[in-house]
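Reader: I would like to go through this model with you before I plan any reading of its details. Could we take the overall form, then the strands, and then the charged pairs?

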Amino acid sequence: MCARWIPLVIFMVVIACNSETRSKEGIEVATTKTYQELHRPQYHFTPDSGWMNDPNGLVYNDGVYHLFYQYYPHATVWGPMHWGHAVSTDMVRWEHKPIALFPDGKGLVFSGSAVVDKNNTSGFGMDGKVPLVAIFTYHNMQGEKSGGNTFQTQGIAYSLDNGDTWKKYDGNPVIGNTGIRDLRDPKVFWHKDSQSWIMVLVAGDFVKLYRSKNLKEWDNISDFGKNQGAKGGVWECPDLFKMKVEGSEEEKWVLIISIGNGAPNGGSGTQYFVGDFDGTTFTSKQMDYKWLDWGTDNYAGVTYNNTPNGERLFIGWMSNWQYALNTPATTWRSAMTLPRKLSLKKSNDAYVLYNYPLSSVDDLMATSKGETVSIPAGEAHETSNPLLGESNISFSVPAKDFKLTFSNLAGEKTVLILDSASSLLMLDRTSSGTRDFNYEFGNKLHYAALKEVSDNLGFSIYLDRSSIEVFVNGGQYAMTDQLFPSQPYTQLSIENLSSNDFQIRDLKINAMQSVWKSN
Ligand code: FRU
């Protein structure tokens, strides 16, 4: 994975011509676009042009949700990282904004978070203006090239105009590095009980927790995960937050960790731990590995700070480092997942983190009445719909063997199979469309190991030109995969593979409105 950090010949040139004074330079606003390329998602966030990876600085402030993101504007592959920027009032319709943070002499601007410093603890506030403070990782290319291990440090920047313009702190870095090669992706939040800022930072394959009173001076207060969790690759993009267990007064803390390699279906993925945080130490008794999403394309996801009702709202990057640089692209590359709300539920003493699209996503849906369809054993229900490739398909089905196939007239198909004997839900994109750009893409079935499922399963599936997001039982399980069909899917088949007749209830296929066309 480090191959993507190979210094580009043009790096110094880029640094020289990208100063923060250019941050006002406009990227064309998305609302003037219709974005009609074959693979351009119609209701997912994509960069207008250039390369995008992780969501960064997710914060709500003054009526808008900010989405900053790892961005390289000069090519469709990873390069010297900037923070791109977009804003939205509903997390679905986004307006592109000028680049927020540019690389500088201290390094590239890697992933991180943003907070609203309401009490002006940092002292950056002026004339009553509340500062937005971004906390990010500096990645120093020269430092990496010279073979040391101290090239990742943490910096901060602030904005007094709700994210439009930024100034980096003169005292950067605020956390130096004494020799941990992968020390990055700070997630900072306000911890009410201790009246301090807490930072969770990855350090190789564990996390370090820090505390600060002013966002400038940080103390390392504890470490977590040296002997816990999946370790297939470096840990990246941590997040730590408190959640109420639904239907009870119990509160638990959830730690989200992306891992660069070793996810259940290959490559990058996102694991989580449920435990407790006492203001200093995070502990978890969890022995098993828990995955936020079983698909291959939900990585580096984190949640919003400062949401209006304290809801945990999540966005992930819809790709995988195994093939992210090779997916079919024109002038832009990569999309974000749908914005999802997280909730924590407990069943038989096991905690499960649910994730499910926000209701603002469903506002884009045409509404139709659901139909009940009886499917005899061994037979299939077939339907065709020209808008299938940009729609939501929902239904409930007995937890019996079935196969759902989305296909197009070119014979390409994406298949979802439930095998009740093994309790596996399988997503097959091996014939979904273009896949020869990378061996790892589409070379095998992806599975979700279902546990604790009811006799009846509720499905909600979102297709958007180059992705599928499958949600089971309101987000108990999620599977997110990219797909690159050469023409839109228009045919749906639901086949009863069990030995008994069954009914699909409340079957709906609803076209999703494009957030670009409608503007
Ligand atoms: C995750 C990641 C982060 C890093 C960023 C660099 O995808 O590797 O750990 O900050 O991407 O773009």
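**Overall form and confidence**

Author: With 519 residues, a compact globule would have a radius of gyration near 24 Å, and the protein chain in this predicted model agrees with that, at 23 Å.

Reader: What does the C-alpha trace of the protein chain span along its principal axes?

Author: The radius of gyration of the protein chain agrees with that of a compact globule, and buried residues make up 59% of the 519 residues. Along the principal axes, the C-alpha trace spans about 70 × 50 × 45 Å.

Reader: How many helices and how many strands does the secondary structure of the protein chain come to?

Author: Among contacts between residues at least 6 apart in sequence, 63% join residues at least 24 apart. As for the elements themselves, the secondary structure of the protein chain comes to three helices and 34 strands.

Reader: Over which residues does pLDDT stay under 50?

Author: The protein chain averages a pLDDT of 93, and 93% of the residues score at least 70. Where pLDDT is low, the predicted coordinates should not be read in detail. That caution bears on one stretch for which the model has 49 contacts beyond four places in sequence, and where pLDDT stays under 50, namely residues 6-32.

**Strands and their partners**

Reader: In the open sheet of five strands, what is the order?

Author: Strands of a sheet pair through backbone hydrogen bonds, either parallel or antiparallel. The open sheet of five strands has mixed pairing, and its order is 4-3-2-1-20.

Reader: In strand 3, which residue is the bridge partner of Y69?

Author: Strand 2, residues 64-72, and strand 3, residues 82-88, run antiparallel and are joined by seven bridges. Within strand 3, the bridge partner of Y69 is G84.

Reader: Is A86 buried or exposed?

Author: A86 lies in strand 3, and its contacts, not counting residues up to four places away in sequence, include F45, Y65, L67, W94 and H96. The C-alpha atoms of A86 and F68 are separated by 6.3 Å, although these residues are 18 residues apart along the chain. At a relative accessibility of 0%, A86 counts as buried.

Reader: How many of the eight residues of strand 30 are buried?

Author: Strand 30 is joined to strand 25, residues 391-398, by seven bridges, and to strand 31, residues 467-472, by five bridges. Both of these pairings run antiparallel. Strand 30, residues 456-463, is largely enclosed by the rest of the structure, because the number of its buried residues is six.

Reader: Which residue in the turn between strand 30 and strand 31 has a positive phi?

Author: On one pairing of strand 30, S394 has S460 as its bridge partner, while on the other Y462 stands opposite E469 in strand 31. Strand 30 and strand 31 form a hairpin with three residues between them, and the turn residue with a positive phi, of about 65°, is R465.

**Charged pairs**

Reader: How many salt bridges does a search of the whole structure find?

Author: Side chains of opposite charge can pair when their charged atoms come close. The search of the whole structure finds 24 salt bridges.

Reader: Which residue forms a salt bridge with R340?

Author: The partner is buried, as is R340, and the closest N and O atoms are 2.9 Å apart. R340 lies in strand 21 and the partner in the loop between strand 17 and strand 18, so the pair ties together parts that are 47 residues apart in sequence. The residue in question is D293.

Reader: In the salt bridge of R40 and E37, what is the relative accessible area of R40?

Author: The side chains of R40 and E37 meet at 3.3 Å, N to O. E37 counts as partly exposed, at 23% relative accessibility. R40, in contrast, is buried, because the cut-off for buried is under 20% and its relative accessible area is 1%.

How values were computed
Residues numbered from 1 in each chain as written. Predicted model: local features only at pLDDT ≥ 70, side-chain atom pairs only at ≥ 80, totals over all residues. Heavy atoms only, no water. Pairing = 2+ DSSP bridges. Helix = DSSP H or I, 4+ residues; strand = E, 2+ residues; numbered from the N terminus. Salt bridge = Lys/Arg side-chain N within 4 Å of Asp/Glu carboxyl O. Buried < 20%, exposed > 50% of the residue type's maximum accessible area, 1.4 Å probe, protein only. Rg over C-alpha atoms; globule rule 2.2 N^0.38 Å. Contact = heavy atoms within 4.5 Å. pLDDT = per-residue confidence, 0-100.
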